[in-house]
Amino acid sequence: MAKSKKGSVELIALQCTECNRRNYTTKKNRRNTQAKLELMKYCRFDRKHTLHKEAKVK
Ligand SMILES: [Zn+2]
């Protein structure tokens, strides 16, 4: 099994658009995915599904 090569895969956060908390982290391959990620995810602070957008991980 080949180990994952580093390069264009970067770690990103998914930030809730309602409370602006970063609830999730995920990885994204910049070469394959140029558009900003936008996902409906459950926010436990809002206690409902909200739109989460890509944000930088600090
Ligand atoms: Zn939220």
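Among contacts in the chain between residues at least 6 apart in sequence, 47% join residues at least 24 apart, two residues being in contact if their C-beta atoms, placed from the backbone, lie within 7 Å. The model is predicted, and local features need pLDDT of at least 70, side-chain atom pairs count only at pLDDT 80 or more, and totals for chains, interfaces and linings use all residues. Residues are numbered from 1 along each chain as its sequence is written. Buried residues (20 or more other C-beta atoms within 10 Å of their own, with C-beta atoms placed from the backbone) account for 10% of the 58 residues in the chain.

The chain contains 0 helices and 4 strands, where helices (H or I, at least four residues) and strands (E, at least two) are DSSP runs numbered from the N terminus. Along the sequence the pattern is β-β-β-β. The 4 strands form an open sheet in the order β2-β1-β4-β3, with antiparallel pairing; two strands pair if DSSP finds at least two bridges between them. Because β2 (22-29) and β3 (38-43) stand at the edges, each with a single partner strand, one side of each is left without a neighbour in the sheet. From one strand to the next the twist averages 40°, with axes taken as lines fitted to C-alpha atoms and angles running from 0 to 180 degrees between N-to-C directions.

Strand β1 (residues 9-16) runs antiparallel to strand β4 (residues 48-56) and is joined to it by 5 bridges. Q15 lies opposite K53 in β4, and K53 is also the bridge partner of E38. The antiparallel pairing of β3 and β4 extends over 6 bridges. In the hairpin of these two strands, with 4 residues between them, R47 adopts a positive phi near 55°.

Notes: A residue is buried if 20 or more other C-beta atoms lie within 10 Å of its own, exposed if 12 or fewer, and partly exposed in between; C-beta atoms are placed from the backbone.
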